[in-house]
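Have the structure open as you read.

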Amino acid sequence: MLSFGSVAVSATGSILGEFEAVLEPLERAQRDEAAMAFWHRHPEAWTAATENPRPPSDVITGFVDWIGSFRGEPIFASHPLALDGPWFDFYLRRFTGRPLLEGPWVANRLFRHPPLCLMSFVAGQTGRGQWECDVNRYPPEWLGSVDHTHRAIDDARGYANLLRFFIER
């Protein structure tokens, strides 16, 4: 994971805050050719994902503290969960000893409920097939007219607006 952005959205659709970070590469990390081909097609996103990196332990601890600053029962959401969830689970386990999904017997869970796949959520809300739930197929207003640039915080803002759109609907 090079970088990530997160936008906290309330149950009523209000934006509560944002978190963005660039992580230093892990020891012995190797570049994947297919991933690098993607980044070559998106040089501005690559720059944003690699500038001013911080130690992953600091970033993940800061993210956990940020999540803990909100009242209520946080739910991790991503688009799609199958891509982002394993990365967050790995980094949370490695740097905090806590998984993304903790059982109900854990009193101080970071996220109180199972993660939400926004892709599946949109499919359920619209009746579209999940294969049709792609950022390039959504009307711009669903994403709050935020361009999907592959810069982590831009994409997180668009997906936050997607969630807000369906909450307010």
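## Ground rules

Angles under 35 degrees count as roughly parallel, over 145 as roughly antiparallel, 65 to 115 as roughly perpendicular and the rest as oblique. Axes are lines fitted to C-alpha atoms, for helices over the stretch in contact, with angles running from 0 to 180 degrees between N-to-C directions. Helices (H or I, at least four residues) and strands (E, at least two) are DSSP runs, numbered from the N terminus.

This is a predicted model, where local features need pLDDT of at least 70 and side-chain atom pairs count only at pLDDT 80 or more, while totals for chains, interfaces and linings use all residues. Residues are numbered from 1 along each chain as its sequence is written, and side-chain values use heavy atoms, leaving out hydrogens and water.

## α1 against α2

Helix α1 (residues 33-41) meets helix α2 (residues 43-50) at an angle of about 110 degrees, their axes 5 Å apart, so the two are roughly perpendicular. In contact (heavy atoms within 4.5 Å) are Met36, Trp39, His40 and Arg41 of α1 with Pro43, Ala45, Trp46 and Ala49 of α2.

## α3 against α4

α3 and α4 pack at about 100 degrees, with axes 9 Å apart, which makes this pair roughly perpendicular too. Phe63 of α3 and Phe88 of α4 are among the residues making the contact.

## Around Phe63

Leaving aside residues up to four places away in sequence, Phe63 touches Phe4, Ser6, Phe19, Phe88 and Phe111.
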